[in-house]
Amino acid sequence: MIIGKFYLTLEKKLKYNKMKIIYLFILFVIVALAQIFVPLHMIVDKEDTLMSGVAYKFKTRPIDPTDPFRGKYITLQYEMDHFETKDSTYVVGEEIYIYLKNDEQGFAEISQISKEALEISKDYVTARVSYYYDNKVNFYLPFNTFYMEETKAYDAEVAYTKANRDSLPANVYALVYIKEDKAVLKDVYINDTPIQEYVEK
Amino acid sequence: MSLKFQKELQQLVADQVISEDISNKISEYYDQKRRKQPNKLFTIFGIFGSLLIGSGIILMLAHNWDDFSRMTKTILAFVPLLLGQLIAGYAILKDKSRTWKEASGTFLFFAVGASISLVSQIYNISGDLGDFLKTWTLLCLPLLYLLRSHAVGLLVILLGTYYAAEVGIWSYRSNNTPWFYVLFVLGVLPHYWFQVRKHITANTTTIFNWILPASFMVGLGAFISNNSELGFVMYVTLFGIFYNIGKLPAFQKIRTLRNGFLILGSLGTIILLMIFTFKWPWEELIDTWVYHSQEFYISCFFGVIAVLLLCYTIIKKGVQFVNLFQVSFILFWMLFFLVAANPFIAMICTNILVFILGITAIKIGSDKLNFGILNYGLLIVSILIICRFFDTDMSFVIRGLLFVIVGAGFFFTNYLMLKKQRKSQTM
């Protein structure tokens with residue numbers, strides 16, 4: 001009798017344990033799917049921008065030569081980093097909307113900036129305000145790192161700096177695809193050659 | 001059972017302190033006890049192993065192979081993640097041992113971060129480090145409970161603190177507040193509370209006892225923005241909470257050194273109050289802070305928690321067990337908000353407060369026959385005296401004399417204590 005009862009409770013306990021494990025596992029599957037979803041979502045977003053976004057060429061500037069070499073990517077700086085405005089209410093770190101157009105040579109140019117999204121059909125990128133001085137609002141564009149294979153990164157940085165210092169105008173630019181509020185930096189070109197190939201030459 | 005212990009047993013049998021039979025029973029008892037325990041060393045090596053393998057894979061992928069197409073790189077970014085998920089899922093489904101769960105949890109934790117950062121690399125996403133850390137921690141927090149893994153708990157705290165510091169302290173360009181840090185802390189607390197209730201003497205609990213308050217100390221800094229004067233109130237109250245947590249009945253079973261909340265609470269309180277024994281902090285405190293501010297609300301919230309903890313201890317153990325350290329945050333609040341208008345009086349009051357705190361520590365040390373706490377009290381009083389050298393005009397003779405008296409005090413008190421200890425041992 002007692003032994004029978006003991007087995008019954010044991011069985012119940014085992015059953016309970018099994019149920020617990022199954023519930024735990026179901027929860028784990030949900031978490032695992034979320035873990036997969038986040039990078040996947042990033043990929044889908046970026047691929048979509050690359051496929052159906054509009055390509056803009058952003059002229060780059062020489063980077064500060066004292067800037068330490070930063071591993072396997074190069075840091076880009078753009079000529080487009082300020083806009084003249086009398087409005088001095090821009091706050092450091094604030095997100096602003098930069099509306100774009102192309103100049104005669106086919107490089108990106110600012111058409112207007114705004115603190116809020118405007119109801120116009122122009123392409124835009126979001127940027128963060130770095131400071132306001134002398135009737136200019138300065139900002140930095142979000143796509144400023146370009147990853148390279150580690151063996152090529154240093155040469156690329158050297159080539160990038162050298163090409164930027166050449167007197168030739170607009171020989172270095174970044175190709176950025178833009179769709180809605182998404183921007184993907186696809187490649188960096190030196191004299192119309194992708195930087196990877198340029199380095200290999 | 002250790003060889004040394006076995007030798008001791010044999011010695012006891014040889015000296016006829018215990019019989020052969022009892023000796024056998026003792027060794028059998030310890031053997032059985034050991035067999036029941038999981039192999040800790042194996043678990044630790046499991047965690048380190050998966051840490052190394054995980055980071056090795058990440059490093060190899062971080063090479064950013066140019067020869068692979070974007071598609072191949074993308075697929076490769078998911079390999080560690082899926083591998084980690086498979087192992088962790090298997091560990092849950094088969095209800096594997098602690099070692100399995102800790103190791104797979106650690107691996108999966110890093111795999112999640114790796115896959116996100118590899119995708120960022122493939123698409124040249126400059127990204128915001130704060131956002132990345134937030135997403136990573138959020139995606140891994142549930143693993144703490146699904147795998148019941150301490151390693152994941154620790155990693156969540158470390159990464160959460162990094163996130164708070166990155167968003168609130170280091171990124172000077174933005175003035176955001178890392179509110180998600182609160183979520184991470186709240187997420188880890190149930191696990192910690194369970195550990196305190198069930199395994200207070202375990203080493204893992206000790207690690208949490210130290211790392212949690214240390215994380216709060218860093219994290220709180222990220223919540224101070226424009227009213228930095230109120231930061232002092234926030235920190236004093238936080239240390240008040242720490243000390244009162246360390247005094248909770250649950251923590252009475254462990255040695256003081258294992259009680260990180262108590263030690264950090266006490267040290268923090270003393271250091272902050274010591275700053276306010278000078279006159280200049282009080283003079284600098286012009287009534288510029290705003291009551292309608294994030295800092296003030298956080299201070300009030302902390303104040304309520306600290307008072308509630310204090311009340312709980314009073315109800316459980318009685319008012320006579322409350323010492324000055326537990327209420328010093330309330331006294332500081334009174335000085336800061338009521339007396340600060342008169343810097344001289346506020347300074348004098350703080351000096352008296354710190355002096356009495358030192359005496360309290362000496363008394364606690366002597367009551368408990370604890371040399372550490374006794375000398376801690378002496379140190380507080382000595383530093384207070386030395387600090388006063390800086391802002392008073394005393395002749396070198398008097399200063400010298402004071403030093404001699406402080407030094408003699410150290411010797412004398414320790415000597416008295418030693419005598420007291422010997423006496424209690426012989427009794």
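E5(A) and E6(A) form a hairpin with five residues between them, and A:Gly106 in its turn has a positive phi of about 85°. Strands (E, at least two residues) and helices (H or I, at least four) are DSSP runs numbered from the N terminus. This is a predicted model, in which local features need pLDDT of at least 70 and side-chain atom pairs count only at pLDDT 80 or more, whereas totals for chains, interfaces and linings use all residues. Residues are numbered from 1 along each chain as its sequence is written, and chains are lettered from A and ligands numbered from 1 in the order in which they are written.

**The sheet of chain A**

- Five strands of chain A form an open antiparallel sheet in the order E4-E8-E7-E5-E6; two strands pair if DSSP finds at least two bridges between them.
- Strand E4 (82-84) and strand E6 (108-114) of chain A are the edge strands, each pairing on one side only.
- From one strand to the next, the twist averages 45°; axes are lines fitted to C-alpha atoms, for helices over the stretch in contact, and angles run from 0 to 180 degrees between N-to-C directions.
- Six bridges join E5(A) and E6(A) in the antiparallel sense, and A:Leu100 has A:Ile110 in E6(A) as its bridge partner.
- Strand E5 (residues 95-102) of chain A is also joined to E7(A), antiparallel, by five bridges.
- Within E7(A), A:Tyr124 stands opposite A:Tyr99, and A:Arg128 is the bridge partner of A:Glu95.
- E7(A) pairs with strand E8 (residues 136-140) of chain A over five bridges, again antiparallel, and A:Val129 stands opposite A:Phe139 in E8(A).

**Residues with positive phi**

- Most residues other than glycine have a negative phi, and most peptide bonds are trans.
- A:Asp134 has a positive phi of about 55° although it is not a glycine; this residue is in the turn of the hairpin that E7(A) and E8(A) form with two residues between them.
- B:Arg148 is found in the loop between helix H6 (129-146) and helix H7 (150-170) of chain B, and counts as partly exposed with 17 C-beta neighbours inside 10 Å.

**Contact between chains A and B**

- In contact are 33 residues of chain A and 30 residues of chain B; two residues are in contact if their C-beta atoms, placed from the backbone, lie within 7 Å.
- On the side of chain A that touches chain B, the elements giving two or more residues are helix H1 (2-52), strand E7 (124-133), strand E9 (145-147), helix H2 (150-165) and strand E11 (182-190) of chain A.
- H1(A) provides the largest share of that side, 15 residues.
- The residues of that side divide into 21 nonpolar, six polar and six charged; Ala, Val, Leu, Ile, Met, Phe, Trp, Tyr, Cys and Pro count as nonpolar, Asp, Glu, Lys and Arg as charged, and the others, Gly among them, as polar.

**Domains of chain A**

- Chain A is divided into domain 1 (1-52) and domain 2 (55-200), with bounds that come from an automatic or database domain assignment.
- Six residues of domain 1 of chain A are in contact with five residues of domain 2 of chain A.
- The side of domain 1 that touches domain 2 has one nonpolar, two polar and three charged residues.

**The nonpolar core**

- The largest nonpolar core has 128 residues, and those with the most contacts inside it include A:Val176, B:Val112 and B:Val152; such a core is a set of buried Ala, Val, Leu, Ile, Met, Phe, Trp, Tyr and Cys residues joined through C-beta atoms within 7 Å.
- Helix H5 (residues 98-122) of chain B gives the largest share of this core, 13 residues.
- Domain 1 (1-52) and domain 2 (55-200) of chain A each supply at least three residues to this core.
- Not counting residues up to four places away in sequence, B:Val152 touches B:Gly105, B:Thr106, B:Phe109, B:Cys140, B:Leu143, B:Leu144 and B:Leu147.

Conventions
Buried ≥ 20, exposed ≤ 12 C-beta atoms within 10 Å, placed from the backbone.
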